[in-house]
Amino acid sequence: SFAYMFWFLIHQKTVEQLKDDFTHNVTHELKTPIAITYAAIEAMIHYNITGNKEKTNKYLHICHEEVLRLGNMVEQILSLGLERKKDFKLKYERVDLNGLLDKIVEQQSIKSSKPFHVGLESMPDRIILEADRTHLYNILSNILDNAIKYSAPGGRITVKMWAGEYKAFVEIIDQGRGIPPEDLENVKTKFYKGSNSVRGSGIGLALVDSIMTALDGTMDIQSTLGRGTVVTLGLPLYHKA
């Protein structure tokens, strides 16, 4: 009886932890499209751009895309099983990596409260890969958001893309505050918040790392305190199935 009670308590704790992790992951994935939609609507309301048809259409299209993305994310979240955290339901399709990053940069410029500059470099000019569009968007948006967050106002961020025979690579380079050496080895650990952290729940890079693993990708982080951070992602060009 004692052994069963002990097992039951441990099992209950594990289930509660899974539920907590799931709640935090859901919150983190949903907050970006909500923030972008809110910023676009606020701009239309408070900055009187409705008289500018071109800008109004641009902001309405951004809102439309983000609401669609929210819908896709809700469908994926509902399909996740709490008992099988590592089983991501991935929907593979052909994704234009350059076009996706152009959208992310544009939407981050609307969302961000401070100015920044992004330089995009690609070899070849257009890279197409097979991936889950929603999860890939979340990965790239999360890392770019971190680069902006930890950079000074007006900071420059460089995004380099290149393709090999089997993999595509994305390198996001910022000149921000960097990550202390004692924190660098733990940045992928869930709920870990380093001494140099600005804000957040500490699950962003942990979530990115989990999704990259599900996509058979890799993520490498190099950083120098006071000089900036380089995040390199490696993604298969083709779905193994």
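Me: Why does D216 count as partly exposed?
Reply: Because its relative accessibility is 36%, and partly exposed is the band between buried (under 20% relative accessible area) and exposed (over 50%), using a 1.4 Å probe and protein chains only. This is a predicted model, so local features need pLDDT of at least 70 and side-chain atom pairs count only at pLDDT 80 or more, while totals for chains, interfaces and linings use all residues. Residues are numbered from 1 along each chain as its sequence is written, and side-chain values use heavy atoms, with hydrogens and water left out.

Me: What makes the phi of D216 worth a look?
Reply: Phi of D216 is near 60 degrees, a positive value in a residue other than glycine. Most residues other than glycine have a negative phi. You'll find D216 in the loop between helix 6 (204–214) and strand 6 (218–224); helices (H or I, at least four residues) and strands (E, at least two) are DSSP runs, numbered from the N terminus.

Me: Why is Q108 called buried?
Reply: Its relative accessible area is 2%, and the buried cut-off is under 20%, so Q108 qualifies. Q108 sits in helix 3 (residues 97–111). Leaving out residues up to four places away in sequence, Q108 touches F116, S141, L144, D145 and I148, where contact means heavy atoms within 4.5 Å.

Me: How do you know that the side chains of Q108 and S141 make a polar contact?
Reply: They're joined at 3.2 Å. The definition wants a pair of N or O atoms within 3.5 Å; within protein, one must be able to donate a hydrogen and the other to accept it, and residues adjacent in sequence count only if both atoms are side-chain atoms.

Me: What makes helix 4 largely enclosed?
Reply: 16 of its 17 residues are buried, so the rest of the structure largely encloses helix 4.

Me: How does the span of helix 4 (residues 133–149) compare with the expected one?
Reply: From first C-alpha to last it reaches 24 Å, close to the expected 24 Å; that expectation is 1.5 Å times one less than the number of residues.

Me: How do you know that strand 4 pairs with strand 5?
Reply: DSSP must find at least two bridges between two strands, and strand 4 (residues 155–163) has 7 to strand 5 (residues 167–174), running antiparallel.

Me: Why is the peptide bond between M123 and P124 called cis?
Reply: Omega is about 0 degrees there. Most peptide bonds are trans.
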